[in-house]
Every structure is written in structure tokens, then in C-alpha cells.
Amino acid sequence: AVEELWQSAEKLVNHYEGAIIARSFIEGLRADVTSYCERECFEEDDLKTVSMLMWAAGKFGGIRSELCSLVNRAIREDERCAVLYDAVLISRSINKNLVASYEDKGLSRDQASSESNFRNWPNGPNVDLHTEGYSSNKDATWRGGGMPLVDLEWYLALEKKSCKKFRTKMFVASSFSRGVADDFSRMRYDTKNKEGTGKVLFKFNFQRHKCLHVNYIDKSQFPQEKEFLMPPYTALELVRVKVSKDLDVEPHMIEVNVMVDNQEEDNALPLAERI
């Protein structure tokens, strides 16, 4: 299973970046994974571990976009071709870390979404600063990035509707730290093209220990990002949109509630192109 995962990762990179870059990237990533697993005493053939390290991989070997970005790109494009199969295989491997399968285990929904099933939870600023559960806000995480004007207008239109629920078209990475999200929004912001890229800060509100499709990324080369990851087609509910009057001063702000169980939400909810 792990070898097939590596093959799909290489084919995905090959599709977008070319064969030479794909081979160089995968060789470097496999070396990184081997080193990480030896250092942390994990098995290199553990699907959950390898898929998480793939997701959190950085740029090297000439690759222009991180592997996580290429996975999300293939899912958003949703084209019926071989690369979509590879993206789905990688996605399902990652989802083993995120989605709580309670029916197979004979658990109730509440049992599956209990505190014990999360690797970590955003416990707020009133816990020990040095614990992984330390976060900027209790039961909330943050995501920062760039957002074209057309996507911001999509959220403004949704805000006017009676039903404000929607689904994503991609994995949604967020952070326990608002500072990390602020850094990402600044990195994605082009001051010369404010309408083209904008900058936005998302706030995700969770019911405490009540989400069946999110988990803390504890196997990562970048633990400082304190990443809380949700799978594609996560159901969210828009709370409010605050449009920035001056992007040089502050980003647009979009606040959403995270639904407890994706399977209980309407499959026909509108899809957000970008989040």
C-alpha cells in the first residue's frame, strides 16, 4: 500500500511539474521520510505516517508547488483522468488520519468524537504555553492566504442567502496559531495586485471535541505550524465576512462554523472554489 502511495505521488508531481522534477522530488522526500522515521522510531511502511509526512513536505528537487498544493489542485480541477485517481489515493491515505470511522468500530457518534480520539485540540491561551494544545483561541483555528476578488465576492453572495452552509473542494489546513495564519496571508499578498490576490484570514469555530473529520498533524517536518487539517468536502457554515478597507493594514476576515459530521449534511451544498 505504501509503495503504491509513493507511485501515485510521483505520477501526480510528474503531471504538473514533469518527470525529471518528479523523480528528484520523490527521491528527496523518501530520504526525508526515512530519516524522520528512524529519528522518531516510526515504521516506514505505515500508511498513516507516510501520508502525513507527504502532506507536510516542503519544496525541494526543483518543485514549484508543494505536494499538498498539487493534491488540492487535482481535487479542485476534478478532471476524469489518471492523475485524479492518484490524487484520490493520496487523499484517502491522508483521511485515515483525519476521519473517525465509528460505525465499523461499533461506536456511537459521540464516542467517536470524544476527546480521546483527537491527537490534540485547540485548548486556548490559558493552558501551558509549551504544550501542543496551546492556541490563540479556544475551540478555534486560523487559516491565512491570498484570495482573488471573485472568490471574496462568492462569500459575500453566500452571506446574503438564508442557508449559509457550503462545502470545500480541497483539504483545508488551519493552525492553532493566528500568528502562523497571519504570516501565510502576508506571504500570499501581492501589494501591486491587491484585487488579484488580496489577503484573507479565516477563523474556524469548532464544537468542543465534536468533529468527526479533523485532526492535529503531529507527524510533520514543520511542527511550528501547529496544523489542524480537514478533508475535502468538509461542510462549513458561514458566520460573517468583514471586508478590509485597507489590505495594507488588515486582511479580509471570514468566520465559519465547522459542522460536526460531514455525512449528516446535504451533499448538494454549494462548493467554495477556494478557501
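This is a predicted model: local features need pLDDT of at least 70, side-chain atom pairs count only at pLDDT 80 or more; totals for chains, interfaces and linings use all residues.

Trainee: Which residues of α8 are buried?

Mentor: Helix α8 covers residues 178-187, and V180, A181, D182 and S185 are its buried ones. Have a look at the start of α8 too: a side-chain oxygen of S177 comes to within 3.2 Å of the backbone nitrogen of G179.

Trainee: Now the strand side. Is T141 buried or exposed?

Mentor: To decide, use the cut-off: buried means under 20% relative accessible area. T141 has 0% relative accessibility, so it counts as buried. You'll find T141 in strand β1, residues 140-145.

Trainee: What do the buried residues of α5 pack against?

Mentor: They pack against α1, α3 (47-55), α4 (67-77) and β6 (227-230). Among the buried residues of α5 are V83, L84, L89 and I90.

Trainee: What's the idea behind a nonpolar core?

Mentor: In soluble globular proteins, nonpolar side chains tend to be buried together. Here the largest nonpolar core has 37 residues, and L12 and L67 have the most contacts inside it. The elements giving two or more residues to this core are α1, α2 (19-40), α3, α4 and α5. Apart from it lies another core of 27 residues, with F118, V214, L236 and I275 among them.

Trainee: What does L12 touch beyond its neighbours in sequence?

Mentor: Not counting residues up to four places away, L12 touches L67, L70, V71, A74, V83, A87 and I90. Another one to click on is L5 in helix α1, residues 2-17. L5 is buried, since its relative accessible area is 0%. The C-alpha atoms of L5 and M54 are 9.6 Å apart, though 49 residues separate them along the chain.

Trainee: How many aromatic pairs does the structure hold?

Mentor: There are 14. For each pair, check the angle between the ring planes: over 60 degrees counts as edge-to-face. The rings of W121 and F228 have their centres 5.6 Å apart and their planes at 90°, so this pair is edge-to-face. W121 is in the loop between α6 (109-112) and β1, while F228 is in strand β6, so the pair ties together parts 107 residues apart in sequence. Both W121 and F228 are buried.

Trainee: Which aromatic cluster do W121 and F228 belong to?

Mentor: One formed by F118, W121, F176, F206, Y216 and F228. Finish with a charge over a ring: R178 lies over the face of W142, 4.8 Å from the ring centre.

How values were computed: Residues are numbered from 1 along each chain as its sequence is written. Side-chain values use heavy atoms; hydrogens and water are left out. Helices (H or I, at least four residues) and strands (E, at least two) are DSSP runs, numbered from the N terminus. Buried means under 20% relative accessible area, exposed over 50%, partly exposed in between (1.4 Å probe, protein chains only). A polar contact is a pair of N or O atoms within 3.5 Å; within protein, one must be able to donate a hydrogen and the other to accept it, and residues adjacent in sequence count only if both atoms are side-chain atoms. Contact means heavy atoms within 4.5 Å. A nonpolar core is a set of buried Ala, Val, Leu, Ile, Met, Phe, Trp, Tyr and Cys residues joined through side-chain atoms within 4.5 Å. Rings of Phe, Tyr and Trp (its six-membered ring) pair if their centres lie within 6.5 Å; planes under 30 degrees apart count as stacked, over 60 as edge-to-face and the rest as tilted. A charge sits over a ring if NZ of Lys or CZ of Arg is within 6 Å of the ring centre and within 35 degrees of the ring normal.
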